[in-house]
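Dear colleague,

Please find the structure below for your records.

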Amino acid sequence: MKLYLPEDITIQTFDDSEAERKNLAQIFPYEANGSKERIKELQAKGAGIYFATNPQQDSLTRGVKFTTRFQYLSLDLDVAKEKENLEMVEISRLRGNLLVTLTGLSLPPYGAMITKNGIQPVWKFSNPRDLPDGDSRLKANFEYKVMVKAVTKVLGQRSEGNSICRVIRFPDSLHLKNSANPFKITYQEISGQECTFEEFNKAYPVVQTENVKSSTT
């Protein structure tokens with residue numbers, strides 16, 4: 001896949017079913033000994049596989065206070081919910097419309113994960129910021145939330161997450177909420193172009209921040 005990933009990717013898994021089995025909620029580094037086999041085993045048990053887009057200080061933990069670099073901004077845009085039970089043909093149509101919208105933005109995302117119920121677009125910054133301490137990480141997380149609010153206002157759509165340490169679906173993994181009909185997550189390049197923070201903020205001007213709250217998870 002063409003999307004740049006940190007050398008030490010932090011993988012996080014969750015139970016994809018409504019059972020929310022705690023033993024399937026795990027955090028571990030990718031490319032460590034046995035990690036690929038571990039992913040396969042967890043998928044076989046019904047876990048969804050995710051990864052943190054921004055590098056973490058320790059691949060066994062994830063959180064704002066562990067985020068060492070602000071290099072990506074990602075969204076989680078759903079066009080359908082599991083409980084709506086829409087036909088896959090209709091979901092595909094809605095997802096296609098959203099992809100056209102994302103592609104037509106004045107500053108489109110670098111690429112996106114194509115998920116069962118939507119799209120997870122990612123902007124990659126050419127001038128990433130290192131976050132050496134807790135104070136810089138909290139400030140970056142607040143800025144991240146403001147930026148998410150700005151771009152989703154332009155899109156007219158809500159993102160399911162807005163933390164700098166957030167995770168998105170791992171490419172080529174399976175969405176297993178319907179175990180009888182798994183959906184393969186794919187990565188699709190959109191613009192393939194990096195941008196600066198300045199270019200992003202110009203394309204998506206900052207909106208009112210009264211409702212933007214700080215978070216450390």
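**Salt bridges and pocket**

Lys139 and Asp135 join their side chains in a salt bridge (3.3 Å, N to O), the term meaning a side-chain nitrogen of Lys or Arg within 4 Å of a carboxyl oxygen of Asp or Glu. The two are four residues apart in helix H3 (residues 134-155), and so are separated by about one helical turn; helices (H or I, at least four residues) and strands (E, at least two) are DSSP runs, numbered from the N terminus. Lys139 is exposed at 55% relative accessible area, whereas Asp135 is partly exposed at 47% (buried is under 20%, exposed over 50%, partly exposed in between, with a 1.4 Å probe and protein chains only).

This is a predicted model, in which local features need pLDDT of at least 70 and side-chain atom pairs pLDDT 80 or more, while totals for chains, interfaces and linings use all residues. Residues are numbered from 1 along each chain as its sequence is written, and side-chain values use heavy atoms, without hydrogens and water.

The structure holds eleven salt bridges. One of them pairs Asp130 with Arg69 (3.3 Å, N to O). Asp130 belongs to strand S7 (residues 118-130) and Arg69 to strand S4 (residues 69-74), so this pair ties together parts 61 residues apart in sequence. Another joins Arg21 to Asp15 (2.9 Å, N to O); Asp15 is buried at 10%. Asp78, Lys81, Arg158 and Glu160 form a salt-bridge network.

Asp78 is also among the residues nearest the centre of the largest pocket, together with Tyr50, Asp76, Arg169 and Lys177. A pocket here is an open set of points on a 1 Å grid over the protein atoms alone, where a 1.4 Å probe fits, with protein on both sides within 12 Å along at least five of seven lines; lining residues have an atom within 4 Å of a point.

Yours sincerely
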